[in-house]
Amino acid sequence: MAPGEPVTDASLVQQARHGDAAAFEMLVRRHYRAAYAVALGVSGNGMDAEDVCQDAFVKALRRLDDCRNPERFAAWLLRIVRNRAHNFRDYRRIRAGVPLDDVNVSSPSDAGRDVIRSELRAKLQAAIAELPPREREVVLLHDLEGWRHRAIAESLDISEGRSRQHLFQARRKLRELLGSELLKEYLHD
Amino acid sequence: MTEEPIDLGPLDPTADAARFDATVAAVMRDAALELRRRRLGWTAMGQLDRWRRPMLAAAAVMVLVSGAVLWQTRPRSLQTETGVAEALGVPTQLATWVRDDALPSPEQLLFALPEIDQ
């Protein structure tokens with residue numbers, strides 16, 4: 001590889017397989033945001049998404065030898081993240097004994113606890129939680145992580161058209177949710 | 001369809017650099033054991049350790065096969081006759097001459113004498 005050329009995922013995966021901590025850390029830094037977007041998309045809760053990401057990265061390292069196409073590490077990682085997030089979500093639901101939708105919809109005060117510090121962040125989080133999981137994942141991957149529809153469609157195993165549709169719906173709902181929230185504040189004032 | 005993106009920047013887990021560093025550090029702490037295991041697995045000692053078990057298994061199989069072959073191909077009649085002669089206290093060399101109905105030369109007798117004396 002020529003100097004100055006960005007290190008590929010395949011090369012980092014190969015080094016991490018040999019126990020290279022720096023290479024693994026670079027993979028974590030490079031893909032954390034996408035992993036978080038997927039985890040948040042499934043769980044709808046920021047704190048859970050962070051726990052899921054941490055767990056998923058370590059699990060991915062343990063199973064790194066199973067990654068057959070290291071150049072497609074991101075897609076492989078996100079599958080692990082999604083599975084962990086689903087398991088975590090089911091575990092939370094069983095432990096809490098409440099319907100799934102109730103677990104997903106976190107109030108702004110819940111979302112703002114510890115991790116979510118800013119008010120805006122809490123509002124966004126709550127609004128995102130109101131979306132169906134698939135729309136959440138699409139809007140987070142597109143608008144937070146900057147993925148294109150082709151990559152999203154491939155990752156979620158849906159068509160590009162479907163991805164666009166989900167994004168459109170998600171944005172529309174978010175605007176409604178965030179708009180009504182702002183309206184409430186205006187009326188209080 | 002509206003294509004205007006929604007600013008989800010406040011949700012970006014990497015936006016707060018210090019916080020993100022702490023998150024990465026937490027992942028690396030959890031991953032330390034696995035990384036160490038992998039490092040050891042790729043050193044010379046690790047490679048030797050990795051081959052130890054199959055090598056031992058192969059050696060055990062070879063011992064079993066060799067033992068079975070030796071057992072099958074052992075000279076049974078000679079072993080029995082010599083065994084009986086030896087059991088009766090007859091020196092091995094003498095028992096061989098008797099069995100083969102061979103007359104030993106004086107030199108052979110001379111060399112065999114120490115054994116016969118015993």
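Select H1(B) and go to B:Ala31: a kink of about 50° is centred there. The bend at a residue is the angle between axes fitted to the seven residues ending there and the seven starting there. Helices (H or I, at least four residues) and strands (E, at least two) are DSSP runs, numbered from the N terminus.

This is a predicted model, in which local features need pLDDT of at least 70, side-chain atom pairs count only at pLDDT 80 or more, and totals for chains, interfaces and linings use all residues. Residues are numbered from 1 along each chain as its sequence is written, while chains are lettered from A and ligands numbered from 1 in the order in which they are written.

**Stop 1: along H1(B)**

The expected span is 1.5 Å times one less than the number of residues.

Now select B:Thr23, B:Val27, B:Ala31 and B:Arg38, the buried residues of H1(B). Buried means that 20 or more other C-beta atoms lie within 10 Å of the residue's own; exposed means 12 or fewer, and partly exposed is in between, with C-beta atoms placed from the backbone. What do the buried residues of H1(B) pack against? Show H1, H2 and H3 of chain A; these are the partners. Contact here means C-beta atoms, placed from the backbone, within 7 Å.

**Stop 2**

Select A:Phe57. Leaving aside its neighbours within four places in sequence, A:Phe57 is in contact with A:Val28, B:Val27 and B:Ala31.

A:Phe57 also belongs to the largest nonpolar core, which has 52 residues. Such a core is a set of buried Ala, Val, Leu, Ile, Met, Phe, Trp, Tyr and Cys residues joined through C-beta atoms within 7 Å. H2(A) gives the most, with 12 residues.

**Stop 3: along H2(A)**

Select H2(A) and centre on A:His31. A kink of about 50° is centred on A:His31. The end C-alpha atoms of H2(A) span only 29 Å, whereas a straight helix of 23 residues would span 33 Å at 1.5 Å a residue. Step past the helix to A:Gly44, where phi is positive, near 75°.

**Stop 4: the contact between chains**

Colour both sides of the contact. Chain A puts in 29 residues and chain B 23 residues. On the side of chain A, H2, H3, H7, H8 and H10 give two or more residues. H2(A) gives the most to this side, with 8 residues. By class, the chain A side has 14 nonpolar, 5 polar and 10 charged residues. Ala, Val, Leu, Ile, Met, Phe, Trp, Tyr, Cys and Pro count as nonpolar, Asp, Glu, Lys and Arg as charged, and the others, Gly among them, as polar.

**Stop 5: A:Asp157**

Go to the loop between H9 (149-156) and H10 of chain A, where A:Asp157 sits. A:Asp157 is not a glycine, yet its phi is positive, about 60°. Is A:Asp157 buried or exposed? It counts as exposed, because it has 8 C-beta neighbours inside 10 Å.

**Stop 6: chain B and confidence**

Of its 118 residues, 6% count as buried.

Colour by pLDDT, the predictor's confidence in each residue, from 0 to 100. Chain B has a mean of 80, and 77% of its residues reach 70 or more. Among its elements, H3 (residues 76-87) has the lowest mean pLDDT (62) and H1(B) the highest (93). Where pLDDT is low, the predicted coordinates should not be read in detail. For the complex, the predictor gives an ipTM of 0.73 and a pTM of 0.63.

Definitions and conventions: Contact = placed C-beta atoms within 7 Å.
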